[in-house]
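Thanks for letting me take a few minutes of the meeting.

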Number of protein chains: 4
Amino acid sequence: MPTLTEISAFLAEVFPQSRGIIEAVDERSCRLRYRVGEADLRPGGTVSGPTTMALADEALYVATLAAVGLVPLAVTTSLNINFLRKPAAGQDLVAHCRLVKVGRVLVVGDVLVYSEGIEAPVAQASGTYSIPPGSTAA
Amino acid sequence: MPTLTEISAFLAEVFPQSRGIIEAVDERSCRLRYRVGEADLRPGGTVSGPTTMALADEALYVATLAAVGLVPLAVTTSLNINFLRKPAAGQDLVAHCRLVKVGRVLVVGDVLVYSEGIEAPVAQASGTYSIPPGSTAA
Amino acid sequence: MPTLTEISAFLAEVFPQSRGIIEAVDERSCRLRYRVGEADLRPGGTVSGPTTMALADEALYVATLAAVGLVPLAVTTSLNINFLRKPAAGQDLVAHCRLVKVGRVLVVGDVLVYSEGIEAPVAQASGTYSIPPGSTAA
Amino acid sequence: MPTLTEISAFLAEVFPQSRGIIEAVDERSCRLRYRVGEADLRPGGTVSGPTTMALADEALYVATLAAVGLVPLAVTTSLNINFLRKPAAGQDLVAHCRLVKVGRVLVVGDVLVYSEGIEAPVAQASGTYSIPPGSTAA
């Protein structure tokens, strides 16, 4: 299994727009922190839905990399998200991802996203990553 | 019903990060174009999933505004997306949204996203916007 | 492409609990009718959610069979459904399914479910069927 | 909070087709067992997708009743399910449901479904129940 440092370095290389900070990772779960910026805000003093979706998607990608190795071409095939509460505008988002299937071709997981300072999750997501046949981990 | 020009102006004001261009809108559907930039690309020469999700979400927002009036605080409550094919890296994305329910509280619709030059859709999404009680259209 | 009669016969054989009646089918879409019975009703004089889900799932299966041939072992890998309005208790449900991707391994489509006598759809679904490698059409 | 016995009796009354057996329930989670029968099987010696969906939906309903009281008219507004592995044909299904939001109007939760004798979950679902305004618990 690649280490947190190896996954962070890999992510910075293949996906430089990524802004999530990996805080913890093991072979079936991970935790990502995201520093909300001005560009992420929406009318009503909250964080935009797409920001939260992007973080959930990135958490699934990190957990996939930890589970199957550093395969750059893993792609999202589906994502479902329920927005539960308004995140606080000035606070970090933190995503907790847990894998429920690690197959040869598909990896499936769910994610709870928290807004720092609010106890209950602000969003719940689940999604699927597909591993292209013949992928070799970097 | 607000006009295309009014919705575009409203969007630019309340949601300045928005990059979708409204090409057509009526009271149950709309079409949005998105000029893919460098920051939207992913390893493998394709457009990132979050870019596609953000466009689907924005298309649902535009269709909601057309259907219920210019309510700034409408928020996504759920979004589901299936990625079907790789979009072409250098091409615009175009989202076609159709509403299937316009209720007092909830608006539900689906979206097909196309990558210019590819006939079949690259993504299919469905989602729900919630209209806060007591909202008055701007 | 198998005919409507061939698909109906196949369905009756491999999936005898099926109660949907195929009314129309072509290589990218189909229409199924379901006669709602006592066991399908829910408190409040409406049709149960699982009945509507089962019909949406069966419509996706029929469209898959029409698109890829009579493969018995195609299985649902994901289904998403939004319930939009209460179906009428004593009326048939009618599902309209449209495929948006027919791949070698995955078939993806969406479904609108109507309750006879109500113009707007009562449910909207999308889902994915997976074709096992090496499947041969019956 | 209603007891397990009270919820079971209520379910038998308002939803007699229900076949899930409540094994545990508290105010944010529940566990349901379902005895798979002949009518639930699918080609290939497995349990049908609709059976698994119906169980996930019922688990969300039971958890909703435990959280908000015995409101008969709570209805599913959305359900998303990923099928992860083939359940064993002759084994019970067991659903573990956890609520992630209990609002005045909406209750949201997720469900993992297990097939007895298989350690990993066979399905993962999330869904939303809506509580009609003015509902009074029975």
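This is a predicted model: local features need pLDDT of at least 70, side-chain atom pairs count only at pLDDT 80 or more; totals for chains, interfaces and linings use all residues.

**Where the copies meet**

Residues are numbered from 1 along each chain as its sequence is written, and chains are lettered from A and ligands numbered from 1 in the order in which they are written.

On confidence, the predictor gives the complex an ipTM of 0.94 and a pTM of 0.95. Chain A averages a pLDDT of 93, with 98% of the residues scoring at least 70; pLDDT is the predictor's confidence in each residue, from 0 to 100.

Coming back to chains B and C, 13 residues of chain C are in contact with 13 residues of chain B, where contact means that the C-beta atoms, placed from the backbone, lie within 7 Å. On the chain C side, the elements that give two or more residues are β5 (75-83), β6 (93-102), β7 (106-115) and β8 (123-130); helices (H or I, at least four residues) and strands (E, at least two) are DSSP runs, numbered from the N terminus. That side of chain C divides into six nonpolar, five polar and two charged residues, with Ala, Val, Leu, Ile, Met, Phe, Trp, Tyr, Cys and Pro counted as nonpolar, Asp, Glu, Lys and Arg as charged, and the others, Gly among them, as polar.

A rotation of 180° with 0.0 Å of shift along its axis superposes chain C on chain B, at an RMSD of 0.0 Å, and the two copies are thus related as by a two-fold rotation axis. The superposition is by least squares on the C-alpha atoms of residues with pLDDT of at least 70 in both copies. Which residue of chain C comes closest to the rotation axis? That is C:Asn80, whose C-alpha lies at 3.7 Å.

Chains A and B meet through 23 residues from chain A and 23 residues from chain B. On the chain A side, α2 (49-68) and β5 (75-83) each supply at least two residues, and β5(A) gives the most, with nine residues. Five bridges join β5(A) to β5 of chain B, and the two strands run antiparallel; strands pair if DSSP finds at least two bridges between them. Within that pairing, the bridge partner of A:Leu79 is B:Ile81.

In chain A, strand β6 (residues 93-102) is joined to β7(A) by nine bridges, running antiparallel, and the two form a hairpin with three residues between them. A:Leu93 stands opposite A:Ser115 in β7(A). On to β8: eight bridges join β7(A) to β8 (residues 123-130) of chain A, again antiparallel, and here A:Gly109 stands opposite A:Gly127.

Finally, twelve strands form an open sheet in the order β1(C)-β2(C)-β6(C)-β7(C)-β8(C)-β5(C)-β5(D)-β8(D)-β7(D)-β6(D)-β2(D)-β1(D), with antiparallel pairing. The edge strands are β1 (20-26) of chain C and β1 (20-26) of chain D, each pairing on one side only.

Definitions and conventions
Two residues are in contact if their C-beta atoms, placed from the backbone, lie within 7 Å.
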